[in-house]
Amino acid sequence: MKVRCIRLLGSDGTPQESSKWITVGAVYVVLAIEFDRNGQWLLRLLSDNKIEVALFSIDGFEIVSHKLAPSWVVTCTTDGFFQLAPEAWIDTSFWERFYDRDPDAIQSFESEVGEITATS
């Protein structure tokens, strides 16, 4: 799945003039989709520097390719959290280990990003 940034929004949903993460008009490969416990649809994207990963409100994007990554699986919890993501990333500790620079999490991330990018 690919999306184009159509407007910059802060984490609270307010319009922003600029961002160090993403650029209006740029197209991004969606790494995962989440519906959080606060009722927000979020996209997990690589930032413009292709190193940092962050969640962005879907309200700032338009879909330019609807093709879903074949490695995505669905998870839904009883408290309302929904996620489409590679199975290895659904582990509740995955992102914590990733941001702590755990070698296994980094390897899993890089492998999945390569697959998602190649098939999107």
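**Exercise 1. What volume does the largest pocket have, and which residues line it?**

Solution. The model is predicted, so local features need pLDDT of at least 70 and side-chain atom pairs count only at pLDDT 80 or more, while totals for chains, interfaces and linings use all residues. Residues are numbered from 1 along each chain as its sequence is written, and side-chain values use heavy atoms, with hydrogens and water left out.

Step 1. A pocket is an open set of points on a 1 Å grid over the protein atoms alone, where a 1.4 Å probe fits and protein lies on both sides within 12 Å along at least five of seven lines; lining residues have an atom within 4 Å of a point. Points are joined across faces, edges and corners, and the volume is the space filled by probe spheres set on them. The largest pocket comes to about 430 Å³.

Step 2. Its lining has 23 residues, and Leu9, Gly10, Ser11, Phe56 and Ser57 lie nearest the centre.

Step 3. Strands (E, at least two residues) and helices (H or I, at least four) are DSSP runs numbered from the N terminus. Strand E3 (41-46) and strand E4 (53-57) each supply at least two lining residues; E4 gives the most, with three.

Step 4. Sort the lining by class: Ala, Val, Leu, Ile, Met, Phe, Trp, Tyr, Cys and Pro are nonpolar, Asp, Glu, Lys and Arg charged, and the others, Gly among them, polar. The lining of the largest pocket then holds 10 nonpolar, nine polar and four charged residues.

**Exercise 2. Describe the second largest pocket by volume and lining.**

Solution. Step 1. The volume of the second largest pocket is about 280 Å³. Step 2. It is lined by 14 residues, with Glu34, Arg37, Phe81, Gln83 and Ile90 closest to its centre. Step 3. By class, this lining splits into five nonpolar, four polar and five charged residues.

**Exercise 3. In which sense do E3 and E4 pair, and over how many bridges?**

Solution. Step 1. Two strands pair if DSSP finds at least two bridges between them. E3 and E4 have five, in the antiparallel sense. Step 2. Within this pair, Leu42 stands opposite Ser57 in E4. Step 3. The two strands form a hairpin with six residues between them. Lys50, in that loop, has a positive phi near 65 degrees although it is not glycine.

**Exercise 4. Which residues touch the most other members of the largest nonpolar core?**

Solution. Step 1. Such a core is a set of buried Ala, Val, Leu, Ile, Met, Phe, Trp, Tyr and Cys residues joined through side-chain atoms within 4.5 Å. Buried means under 20% relative accessible area, exposed over 50%, and partly exposed in between (1.4 Å probe, protein chains only). Step 2. The core has 29 residues, and Leu31, Phe61 and Phe109 touch the most other members. Strand E1 (2-5), strand E2 (27-35), E3, E4, helix H1 (94-99) and helix H2 (103-119) each contribute at least two residues. Step 3. With contact taken as heavy atoms within 4.5 Å, and neighbours within four places in sequence set aside, the partners of Leu31 include Trp72, Trp89, Phe109 and Val113.

**Exercise 5. Is Pro15 buried or exposed?**

Solution. Step 1. Pro15 sits in the loop between E1 and E2. Step 2. Pro15 counts as exposed because its relative accessibility is 71%. Step 3. Not counting residues up to four places away in sequence, Pro15 touches Leu8 and Leu9.
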